[in-house]
Amino acid sequence: MNAPRTSKTWLHVAFGAYCVAAFAALTWPVYPALGNRVRPLICGLPFSLAWIVGWIVATFVVLIAYDWAANRD
């Protein structure tokens, strides 16, 4: 028996896709291809460190938005 689909299915799929993208951006082969370099400096940080910090901040924002959207009535 199939469970009824909710209107928030797209939200869960989008969040899952973001999680896969974030994981790929921080691991091989995407990180060495795009994020593994020193120059340019961003706010005094090497690009490779700014790349990681940027994904962490983006993930924090996405998690807050996901929680807000998933628990809305």
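**Helix packing and exposed faces**

Reader: Which helices are included in what covers the buried residues of H3?

Author: Happy to start there, with the reminder that this is a predicted model. The residues of H3 that are buried are Phe47, Ser48, Ala50, Trp51 and Ala69. Their cover includes H1 and H2.

Reader: And against which helices do the buried residues of H1 pack?

Author: Good follow-up! In H1 the buried residues are Leu11, Phe15, Tyr18, Ala22 and Ala25. They cover an arc of only 90° around the axis, so they sit on the same side of H1. Their packing partners are helix H2 (30–35) and helix H3 (47–70).

Reader: Which exposed residues does the face of H1 turned away from its buried side carry?

Author: The buried side of H1 is the one with Leu11, Phe15, Tyr18, Ala22 and Ala25. On the face turned away from that side, the exposed residues are Trp10, Val13, Val20 and Phe23.

Reader: How far apart are the end C-alpha atoms of helix H1?

Author: Helix H1 runs over residues 9–25, which makes 17 residues. At 1.5 Å a residue it should span 24 Å, and the model agrees, because the end C-alpha atoms are apart by 24 Å.

Reader: Is isoleucine 64 buried, partly exposed or exposed?

Author: Isoleucine 64 belongs to helix H3. Buried means under 20% relative accessible area and exposed means over 50%. At 46%, isoleucine 64 is therefore partly exposed.

Conventions
Residues numbered from 1 in each chain as written. Predicted model: local features only at pLDDT ≥ 70, side-chain atom pairs only at ≥ 80, totals over all residues. Heavy atoms only, no water. Helix = DSSP H or I, 4+ residues; strand = E, 2+ residues; numbered from the N terminus. Expected span 1.5 Å × (residues − 1). Buried < 20%, exposed > 50% of the residue type's maximum accessible area, 1.4 Å probe, protein only. Arc of directions from axis to C-beta. Contact = heavy atoms within 4.5 Å.
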